[in-house]
Amino acid sequence: MKRGRLRVLLGAAPGVGKTYAMLEEGARLRAEGKDVVVAVVETHGRAATANLLGDLEVIPRHVTQHRGVELTEMDLDAVLARRPDVALVDELAHSNAPGSQHDKRWQDVEALLAAGITVMSTVNVQHIESLSDVVEQITGAPQRETVPDQVLRTADQIEVIDLAPQALRDRLAEGHVYPAARIDAALSNYFRLGNLTALRELALLWLADEVDSALKAYRAEHNIDSKWEARERVVVALTGGPEGETLIRRGARIAARSAGGELIVVHVSGQDGLSETHPGALSAQRALAEKLGGTYHQVIGNDIPRSLVEFARALNATQLVIGVSRRSRLAAALTGPGIGATVIRESGVIDVHIVTHSAAGGHFALPRFVGGLTVRRRMAGFILALLGGPLVTMLLVSLRTNDSITSDVLGFQLLVVVVALVGGLWPALFAAFLSGLTLDFFFVQPLYSVTVAKPTHLIALGLYVANAILVSYVVDQAARRSRAAVRAVAESELLATIAGSVLRGQDALQALINRTREAFNLSSVRVMSDGEALYTAGEIKDGDRLSTISTGERGTLELRGPDLAASERRLLNVIAAQVDAAIEHNALTKTAEEVGPLAELDRMRTALLAAVGHDLRRPLTAATAAVTGLRATDVTLSEHDREELLVTAQESLETLSALVTNLLDVTRIQAGALAVSSAALGVEEVILPALDELGLGPADVHLSIADDLPPVFADAGLLQRVLVNLLDNAVRFSPDASPVLVSASSFAGTVEIRVADTGPGVPDERRGDIYVPFQRLGDTDNLTGLGLGLALSKGFIEGMGGTLHADDTPGGGLTMVIALPAAQSEAPLGTQPAVRSQ
């Protein structure tokens, strides 16, 4: 019997629309003439989902009893007896009721597939067995129902039902996913924006890996060797040398530029095992690769470059990263182009990146300007003249005839030109003098003597020598100008590199001295100021010559290494000026950083004076007036009037006391001297006194506290003050007859207390302002104190190791969320408090 096909709809979280999409597809297949039945579907009370059942045939569920509870499950026997073309089976990871034919619903699906019935099912990413631990780390919620990965891998088709995280939160807030009573807790726990984003990425990456495995199997089955750029795969080749870390980090950056990029690190060693590698370096590089999310591989091959390319092709790599050769130019000239050139030639469509590094054979260094050709080239010119003269003479003597004098002269002329090109002026003059004597001795009559029989021969010799001198001079001047041009280019590159380092965010002074040491082949460079080394590059070695260049009034540049030519000192003077500018910039930046807090402090003082001038005057004036009235002797007060004045004085003084207390608390928070005495306590021990303090009852506040809520680790007094402030704000801004919701729940070792109102809320761009001291949102209410409430609340909560932030209330309004660490389960209520200063 032909096995049925399995189609799975994968979602990142509940509510993305998996069941809805499954029912829509079932209706479409039924319209096309397929025999479709609903074996089991979970609508979770969602009307839109239930409406999609429409005319679809629903198989009645099998009812079982377990410990007096009635449970319903998919009736597997009924579906098998019905034998539809397609069966819709919701929630693949579901655990069946005890006593069912199979423990898991996916096992029921296996039975349907074996019977030749095509099945469409749904599953969330948290139920994939290999990902359950990762999901628990993300969400803090353990997963008890899972589906083996192999079951999903055998599916004929897997589709991701995708919904943006914020869109899912909006659906949840609008009541399309859970009942209203569960919305607030869901938004603050499992359905956090960060959680949903991570779960969405996890689902997409898991499916991408499965697609990649299918692609590899298809390529192997059809013997396809060409590169298919389905995703970036960056192969980094290691030699075991010190440049490995640089190559791995560069490869990781290349892989990170595209979503889903892979980093693959490989070391190819010869079959003889005699490769020059350092095991410790390879071990450290392997650890770095794994830390950056890559994999490490070891390959053995006789032909290292070809083995490397074959490995990259086998993995369908798109990029190959290798280091520039550590060999010197001379070694490269003697032994051939090396591995890099072979890899480039053999790589085909794979992009090859050759990365320079500090261990490369040639560092960036300025050419030494010596005014002309180097001593080595001059010596080579003299040697060429000494060896080339006899060789040319032997050749021309063997071919000598009576009419060959012209060709003889041109032959020696060619030798002089070649010597001039190699060694410059003086070796060419030396070659011209020797070749002139040789021509006169071997080729001009009378032979084998230094005499000249004809005057025309003497003129020819003279012209020959003059020609040689002119050619030598031209070549020497060209060499001087060429080296000057190379020097100018190198200087420009040095300055551009320094500027680029600064623009990329590197420290300006450190970039300057690093590039300076490298460019001038110095062992160390230091920036000194008042006898103190501000910045250092390299290490001081014995025997190095010390040179100093003043950077102006702010310091000196100490250089240790070889002697510096005048032209190099000219460029170093330019660099010293840049060092001086960088020191000045750092000093100004430091000054600005020091002035910043002072400006903020000044702003706070100004706001404080303004607030004190207004908000403290009102209760002080009222108290003064009340006391003055009581002490007045010219007015007779009734008992009622006296009582009114006493109440006014008491209320004013209490208000004044509260304002002064808040000011002192703000000062302590800003000074880092807030005393916090934390202990394990129940949330209700703080919420109820806060409600009593404000005189709020059931008509004003609705409470929703989880039954299994763990104790919170907090300072009871400070937490109560925070709750009083948040509740007072929520009640004040909520519409009449609209109670404030206070809920408490736990999540991933954290207890959250949420105070939600249904008032106007706070715009996103103003959320940060509500925590600023002396800031009243809108600055229109002069009866609300100094504007310290939320600033104090945030300081108190952070002092207890928690956080305070604002969220939107579903349907409109503001929800203030207090997050505090849950007390350890072994710490009973009332344990000795932990006292600390914040």
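1. Starting with the fold as a whole: among contacts in the protein chain between residues at least 6 apart in sequence, 71% link residues at least 24 apart, where contact means heavy atoms within 4.5 Å. Keep in mind that this is a predicted model, in which local features need pLDDT of at least 70 and side-chain atom pairs count only at pLDDT 80 or more, while totals for chains, interfaces and linings use all residues. Residues are numbered from 1 along each chain as its sequence is written, and side-chain values use heavy atoms, with hydrogens and water left out.

2. On the inventory: the protein chain has 24 helices and 25 strands. These are DSSP runs numbered from the N terminus, with helices being H or I of at least four residues and strands being E of at least two. Of the 838 residues in the protein chain, 40% are buried; that word means under 20% relative accessible area, with exposed being over 50% and partly exposed in between (1.4 Å probe, protein chains only). The accessible surface of the protein chain is about 44,100 Å², and 56% of that belongs to carbon and sulfur atoms. The areas are Shrake-Rupley values with a 1.4 Å probe, and for residues only the protein chains shown count as cover.

3. Now the aromatics. The count is three aromatic pairs, taking rings of Phe, Tyr and Trp (its six-membered ring) with centres within 6.5 Å; planes under 30 degrees apart are stacked, over 60 edge-to-face, and the rest tilted. Y178 and F191 make an edge-to-face pair, at 5.7 Å centre to centre and 90 degrees between the planes. Y178 sits in the loop between α7 (165-173) and α8 (180-188), and F191 in the loop between α8 and α9 (193-221), so this pair ties together parts 13 residues apart in sequence. Y178 is buried at 15% relative accessibility, and F191 is buried too, at 2%. Y178, Y190 and F191 form one aromatic cluster.

4. Salt bridges come next, and the structure holds 21 of them. The criterion is a side-chain nitrogen of Lys or Arg within 4 Å of a carboxyl oxygen of Asp or Glu. One to look at is R7 with E25, whose closest N and O atoms are 3.0 Å apart. R7 is in strand β1 (residues 6-11) and E25 in helix α1 (residues 18-31), so the bridge ties together parts 18 residues apart in sequence. R7 is buried, with a relative accessible area of 19%, and E25 counts as buried at 13%.

5. R82 and D35 also meet in a salt bridge, 2.7 Å from N to O. With R82 in helix α3 (residues 76-82) and D35 in the loop between α1 and β2 (36-40), the pair ties together parts that are 47 residues apart in sequence. R82 is partly exposed at 28% relative accessibility, and D35 is partly exposed at 24%.

6. R192 lies in the loop between α8 and α9 and E752 in strand β22 (residues 750-756), so parts 560 residues apart in sequence are tied together. R192 is partly exposed, with a relative accessible area of 25%, whereas E752 is buried at 3%. Elsewhere, salt bridges with shared partners join R7, E25, R28, E32 and E159 into one network.

7. A word on strand β12 (residues 319-323): four of its five residues are buried, so the strand is largely enclosed by the rest of the structure. Strand β9 (residues 233-238) pairs with β12 in the parallel sense over three bridges, and two strands pair if DSSP finds at least two bridges between them. In that pairing, V236 has V321 of β12 as its bridge partner. β12 also runs parallel to strand β13 (residues 351-355), joined by five bridges, and there L320 has V352 of β13 as its bridge partner.

8. Last, the surface. V324, I344 and I354 make a nonpolar surface patch of about 220 Å². Patches are built from residues with over 30% relative accessible area and no salt bridge, joining like charges within 9 Å and nonpolar side chains (Val, Leu, Ile, Met, Phe, Trp, Tyr) within 5 Å. I344 is found in helix α14 (residues 339-346) and is partly exposed, with a relative accessible area of 44%.
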